[in-house]
Amino acid sequence: MAKYVAAIDQGTTSTRCMLFNREGGVVSIHQLEHEQIYPKPGWVEHDPMEVWARTQDVVKGALAKAEVKKGDVAAVGVTNQRETTVVWNKKTGKPYYNAIVWQDTRTKDICDKLADDGGQDRFREKVGLPLATYFSGPKIKWILDNVEGVREAAEKGEALFGNMDTWVIWWITGGPDGGAHVTDVTNASRTMLMNLETLDWDPDMLKVMGIPRAMLPVIRPSSDPKLYGKTPKAGPFGEEIPVCGDLGDQQAATVGQTCFNPGEAKNTYGTGCFMLMNTGTEIVQSKSGLLTTLCYKLGEEPAVYALEGSIAITGALVQWLRDNLKLFDFSKHVEDYAKEVEDSGGIYIVPAFSGLFAPYWKSDARGVIVGLTRYVNKYHICRAALEATAYQTREVLDAMNKDSGVDLTALKVDGGMVFNETLMQFQSDILGVPVVRPVVAETTALGAAYAAGLAVGFWNNLDDLRKNWLVGKTWKPKMGEEERAEFYKGWLKAVERTFNWVE
């Protein structure tokens, strides 16, 4: 009898494989980073072949650590950095170009041109998204328009598009030798090409973007008892295992946090920060700068939707302090430095490195540090970097409360930064509500495991998953209302300074 479900979590800076038991506990984990490629200012790329190599290595590593025997793994689920776009040759598996990462801003001109007729929200009702450099559709168009031979190959059906979930699933189910070319509704909803109601590629959107349908994957449920495919014996798993779970990373974390009821929300702190609120089977159009997106679809059950607030740069700001400014050697040291001072010394850092995402959607914004005086030192800068994450989350939560009409009474949190006690306390202070971390904080991989496990009956239903969710730690607000309002007012002033920087 199978003991585990495997999850491949293909993220922005690293790929990992995790094995989970029936209680949702972590049995083993293996993780490896991949290179971040910056060819020009605002351009961000990954080498898809390096990512596939890392994926194979982490799968083998996680299986070895758990001393897995044949038949131990019931199913495989995949979760991924969303919107990151790769186009490859279906016969060779070779990419035509590097993967264009979600943070990349090279498609600004494409988005601006499309917005000339009808504005930034021209397609919002149909696809739930504003015209922004964030999403996959304009990235596909850029590759078709700028990489020689790709458009011809796509029209002949030789070139395949996928976000990183599709790329990983295609390879782990055989690649050029019969690999499944599929995606799920959550990833498809981040392309600007999927109709929110039909859950299929929208012919009008394909026409507007100039994207041949032949290159697009088949859209499937996030948890699919019909299976996407199986891992081949020659692959990294070494045996045939059903591959049947697929969720974009933020939707996976929402499932991992068991936010199955309308009104339940979670915030994930990673490279960026992403808050999702389950809105049930109802499509809620945002009037406050949020995205309307798919939350998940389990088998034949109706699709569940969500409102999302996407923040581009949170953990990436800490990496910038480490790698670009060399303020410390390891990211965890940011908290040690931040604790050296009582506050940020009057400064604010607005990390609009890729423009501003929710609730502004301004690709012409750029990052600022404001309020600098001779008093400020590196400890204040580290503290301000952490506070930037909390402030951005507050802006998204305010928008979510406005759109949903529901005031959140507590915020479930997950991701790498939730072990930073200083940040979590400030987050609770600036929101004025408790912040709750579960026992298993790696909920992104857990959500992918849940999707795959449900498909094969490893878990019977959502109640099985709810029983696994346990509170790890709760932070409660200690800051007074006046102080909170004063700090937040300064933040909003700082954000305005980032607007219209790129001419």
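Arg 82, Glu 83, Arg 190, Asp 249 and Glu 308 join up in a network of salt bridges. Keep in mind that this is a predicted model.

**Salt bridges, pair by pair**

- Asp 9 pairs up with Arg 16, with 2.9 Å between the closest N and O atoms.
- Asp 9 has a relative accessibility of 8%, so it counts as buried, and Arg 16 is buried too, at 10%.
- Asp 204 bridges to Lys 126, and their closest N and O atoms sit 3.2 Å apart.
- Since Asp 204 is in helix α8 (residues 203-209) and Lys 126 in helix α3 (residues 124-127), this pair ties together parts 78 residues apart in sequence.
- Asp 204 is partly exposed at 46% relative accessibility, and Lys 126 is partly exposed at 28%.
- Asp 463 and Arg 466 form a salt bridge with closest N and O atoms 2.9 Å apart; both lie in helix α15 (residues 462-468), three residues or about one turn apart.
- Asp 463, at 43% relative accessibility, is partly exposed, as is Arg 466 at 30%.

**Where α1 meets α6**

- The axes of helix α1 (residues 48-65) and helix α6 (residues 164-172) come within 11 Å and cross at roughly 55°, so the two helices are oblique to each other.
- The crossing of α1 past α6 is right-handed.
- On the α1 side, the contact uses Pro 48, Met 49, Val 51, Trp 52 and Thr 55, while α6 brings Met 164, Trp 167, Val 168, Trp 171 and Ile 172.
- By type, the residues of this contact split into nine nonpolar, one polar and no charged.

Definitions and conventions:
Residues numbered from 1 in each chain as written. Predicted model: local features only at pLDDT ≥ 70, side-chain atom pairs only at ≥ 80, totals over all residues. Heavy atoms only, no water. Axes fitted to C-alpha atoms, helices over the stretch in contact; angles between N-to-C directions. Helix = DSSP H or I, 4+ residues; strand = E, 2+ residues; numbered from the N terminus. Parallel < 35°, antiparallel > 145°, perpendicular 65-115°, else oblique. Left-handed = near helix turned anticlockwise from the far one by under 90°. Contact = heavy atoms within 4.5 Å. Nonpolar A, V, L, I, M, F, W, Y, C, P; charged D, E, K, R; others polar. Salt bridge = Lys/Arg side-chain N within 4 Å of Asp/Glu carboxyl O. Buried < 20%, exposed > 50% of the residue type's maximum accessible area, 1.4 Å probe, protein only.
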